[in-house]
Amino acid sequence: MVSEAQLGELLVGAYHKLVTDCEIVSYNQRSKEEGEQMEIDVVAIDSRGMKQTIYACEVITHLHGTLYPGTPSTDRWDEYGNSDYQYTLEKLWRKFNSDYDYVTRVFDDADEYVFQLWSPVVPRGLLTSGLDELSNDFKDKSGAEIELVINESYTDRINELRELARADKKGYGEPAFRFLQILEHLR
């Protein structure tokens with residue numbers, strides 16, 4: 001079963017295609033390895049010059065502010081709020097570790113790996129503190145950071161995309177960008 005990209009994923013892909021200038025953007029990338037159920041929302045590849053950078057992006061576009069509801073299976077994230085916050089952190093920890101294993105295996109000769117969490121609405125406080133710790137723990141384990149593109153940072157990047165859409169009418173094959181172009185060129 002092929003899953004279609006969600007709107008938030010399309011925005012992130014358009015950002016990487018048009019702002020970071022990645023040549024290839026793939027949505028809902030799944031492993032071919034049997035038994036491996038991982039999925040990366042957006043994988044973008046920038047091979048300009050002599051350096052190849054792989055972007056692995058997890059995208060959560062839940063506008064109500066709660067990321068993933070559920071019950072955590074460990075107490076690792078207990079200090080970071082309610083069970084939904086703890087479950088979100090637990091799920092993201094698993095996802096980013098799977099993402100790391102996948103991209104470093106498939107793109108084993110890449111020069112740089114960039115892991116990003118994109119979300120427009122993340123409650124400040126315990127959850128953002130937990131995300132900071134998750135990113136630090138991930139860096140300690142893998143050597144790679146998780147860049148948190150959340151709240152204002154998310155807004156800034158989407159505004160960059162909007163500015164490009166306002167200045168350009170050319171079609172790029174990126175549906176989210178085309179939608180922004182239409183909105184920015186209304187008369």
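Mentor: The expected span of a helix is 1.5 Å times one less than its number of residues. Helices (H or I, at least four residues) and strands (E, at least two) are DSSP runs, numbered from the N terminus. This is a predicted model, where local features need pLDDT of at least 70 and side-chain atom pairs count only at pLDDT 80 or more, while totals for chains, interfaces and linings use all residues. Residues are numbered from 1 along each chain as its sequence is written, and side-chain values use heavy atoms, with hydrogens and water left out.

Trainee: What span should helix α2 have, and how far apart are its end C-alpha atoms?

Mentor: Helix α2 (residues 83-106) has 24 residues and should span 34 Å; its end C-alpha atoms are 34 Å apart, which agrees.

Trainee: How many salt bridges does a search of the whole structure find?

Mentor: The search finds 12. A salt bridge is a side-chain nitrogen of Lys or Arg within 4 Å of a carboxyl oxygen of Asp or Glu. One of them joins Arg48 and Asp21, at 3.9 Å from N to O. Arg48 lies in the loop between β2 (39-46) and β3 (53-59) and Asp21 in the loop between α1 and β1, so the pair ties together parts that are 27 residues apart in sequence.

Trainee: Is Asp21 buried or partly exposed?

Mentor: Asp21 is partly exposed, because its relative accessible area is 38%. Buried means under 20%, exposed over 50%, and partly exposed in between (1.4 Å probe, protein chains only). Asp21 also has a positive phi, near 65°, though it is a residue other than glycine.

Trainee: Which other residue has a positive phi although it is not a glycine?

Mentor: Asn151, at about 50°. Asn151 is found in the loop between β5 (146-150) and α4 (152-167). At 11% relative accessibility, Asn151 counts as buried.

Trainee: What is Asn151 in contact with, leaving aside its neighbours within four places in sequence?

Mentor: Ser119, Pro120, Val121, Val122 and Arg124. Contact means heavy atoms within 4.5 Å. A polar atom of the Asn151 side chain lies 2.7 Å from the backbone nitrogen of Val122.

Trainee: Back to salt bridges. What does Arg162 pair with?

Mentor: Arg162 forms a salt bridge with Glu184, the closest N and O atoms being 2.9 Å apart. The pair links distant parts of the chain, with Arg162 in helix α4 and Glu184 in helix α5, 22 residues apart. Arg162 is partly exposed at 34% relative accessible area, whereas Glu184 counts as buried at 19%.

Conventions: A polar contact is a pair of N or O atoms within 3.5 Å; within protein, one must be able to donate a hydrogen and the other to accept it, and residues adjacent in sequence count only if both atoms are side-chain atoms.
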